[in-house]
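Please keep the sequence and the model at hand while reading.

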Amino acid sequence: MASETHPEIREAVRRLCGQFPGPYWRAKDRDRSYPTEFVTALTEAGFLSVLIPEVYGGSGLGLSAATAILEEIHRSGSNGGACHAQMYTMGTLLKHGSEAQKQAYLPKIATGEIRLQAFGVTEPGAGTDTTRITTFARRDGDDFVVNGQKIWISRAEHSDLMVLLCRTTARDDAAKSSDGMSVLLVDLREAVGNGLTIRPIRTMLNHATTELFFDDLRVPAANLIGEEGKGFRYILDGMNAERILIAAECIGDAKFFIDRASDYAKGREVFGGPIGANQGVQFPIARAHVQMSAAELMVSHAADLFEAGQPCGTEANMAKMLASEASWFAADTAIQVHGGFGFAEDYDIERKFRETRLYQVAPISTNLILSHVGTHVLGMPKSF
Ligand SMILES: Cc1cc2nc3c(=O)[nH]c(=O)nc-3n(C[C@H](O)[C@H](O)[C@H](O)COP(=O)(O)OP(=O)(O)OC[C@H]3O[C@@H](n4cnc5c(N)ncnc54)[C@H](O)[C@@H]3O)c2cc1C
């Protein structure tokens with residue numbers, strides 16, 4: 001097992017999460033309501049601004065500090081899905097925004113005065129083939145005028161700003177299919193009701209995800225991040241951080257399930273002894289631990305490469321795949337070990353089971369990771 005980095009941060013996150021125990025998350029889950037108190041507590045403790053450089057009011061730590069925070073949140077039974085996007089979405093602004101944009105937004109994001117929690121890429125007609133997005137921003141004087149639709153845009157109702165990927169040149173008119181997309185920073189406080197409609201989508205987990213409809217939404221041209229037409233590259237840049245952070249959440253989930261399952265297996269007596277003495281119960285839990293530990297090493301390796309500024313696309317993808325599979329196997333095992341109680345809301349296993357299933361689909365599905373490895377790493381032909 002990888003030695004755990006950032007012990008002080010981990011301890012502080014555990015203490016904070018201790019104030020938000022199972023009943024808090026169960027109530028939020030039941031109502032599909034946003035864990036505002038939890039997000040506020042994390043913001044006030046400075047955990048959501050660890051990646052923002054000190055010059056803009058953050059703590060300027062590396063990605064491994066952020067992985068430690070998200071892993072501990074998930075290990076404690078909480079869920080970082082309500083706020084994790086701030087950590088990686090901010091990177092697009094930090095890396096590609098102008099100095100004026102960074103000065104205008106980053107210090108306020110660091111204090112929590114404004115929230116940058118929404119990231120608008122996916123569209124119903126494009127799916128994973130992002131070059132097929134059609135939401136279009138047409139230049140009109142000092143504004144862009146945006147029309148189109150996005151789906152699965154999480155936290156849009158609980159965010160002040162959104163990083164939006166849209167086309168500024170139609171796919172057919174661009175030199176390459178990945179050219180002609182641009183990133184706009186949308187002020188959701190002004191946009192809602194003025195060309196932007198947000199519709200929540202109820203899902204099997206409490207994730208505050210939504211559908212967005214753009215109807216002549218005006219966004220100041222000053223909110224264009226980086227160069228027009230280069231947006232796809234900027235978004236890809238940010239995806240490595242996203243995948244590594246999500247992988248860390250999966251490691252936290254896996255540890256949660258393994259802790260709970262092994263504790264339960266030691267204490268639950270059936271047929272005159274603890275169920276954990278039976279290898280049919282014990283070995284799957286041990287296997288979950290083995291898988292989680294291997295995935296944890298890959299997450300830590302990917303985070304190290306990212307921090308060193310080295311290419312890490314393949315490692316970030318592999319870490320996300322291994323960790324999401326390890327957390328799912330651990331979740332399934334924990335349900336089985338708990339017998340009927342695995343299905344009882346009060347044990348939090350069924351909630352976490354639903355929550356961790358997401359990560360084999362989003363932010364990128366396992367098949368697309370395998371396709372990346374098959375074609376980019378192993379040089380086999382592409383099917384699309
Ligand atoms: C709860 C939730 C929250 C989300 N939050 C956000 C968000 O905040 N912002 C955002 O932009 N997006 C968000 N997403 C979208 C998410 O990133 C996508 O759902 C995910 O990338 C998969 O894309 P898709 O749903 O369009 O699936 P599709 O692209 O339609 O794919 C469907 C299935 O087919 C498989 N498939 C597709 N093409 C191939 C191929 N060539 N070879 C083999 N298999 C293939 C995929 O692996 C997948 O299993 C969220 C999704 C969910 C469910």
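In which sense do β5 and strand β8 (residues 224-225) pair, and over how many bridges? The pairing is antiparallel and comprises two bridges, where two strands pair if DSSP finds at least two bridges between them. In β8, L224 is the bridge partner of L184. The model is predicted: local features need pLDDT of at least 70, side-chain atom pairs count only at pLDDT 80 or more, and totals for chains, interfaces and linings use all residues. Residues are numbered from 1 along each chain as its sequence is written. Helices (H or I, at least four residues) and strands (E, at least two) are DSSP runs, numbered from the N terminus.

Strand β5 (residues 181-187) also pairs with β4, in the antiparallel sense over seven bridges; here M162 stands opposite V186. Six of the seven residues of β5 are buried, so the strand is largely enclosed by the rest of the structure. A residue is buried if 20 or more other C-beta atoms, placed from the backbone, lie within 10 Å of its own.

Strand β4 (residues 161-167) is in turn joined by four bridges to β1, and these two strands run parallel. F119 stands opposite V163 in β4. Because five of the five residues of β1 (residues 116-120) are buried, β1 is largely enclosed by the rest of the structure.

The helices come next. The axes of α8 (residues 231-267) and α9 (residues 279-307) come within 9 Å and cross at roughly 155 degrees; the axes are lines fitted to C-alpha atoms over the stretch in contact, with angles running from 0 to 180 degrees between N-to-C directions. The two helices are therefore roughly antiparallel, a term for angles over 145 degrees.

Definitions and conventions
Buried ≥ 20, exposed ≤ 12 C-beta atoms within 10 Å, placed from the backbone. Parallel < 35°, antiparallel > 145°, perpendicular 65-115°, else oblique.
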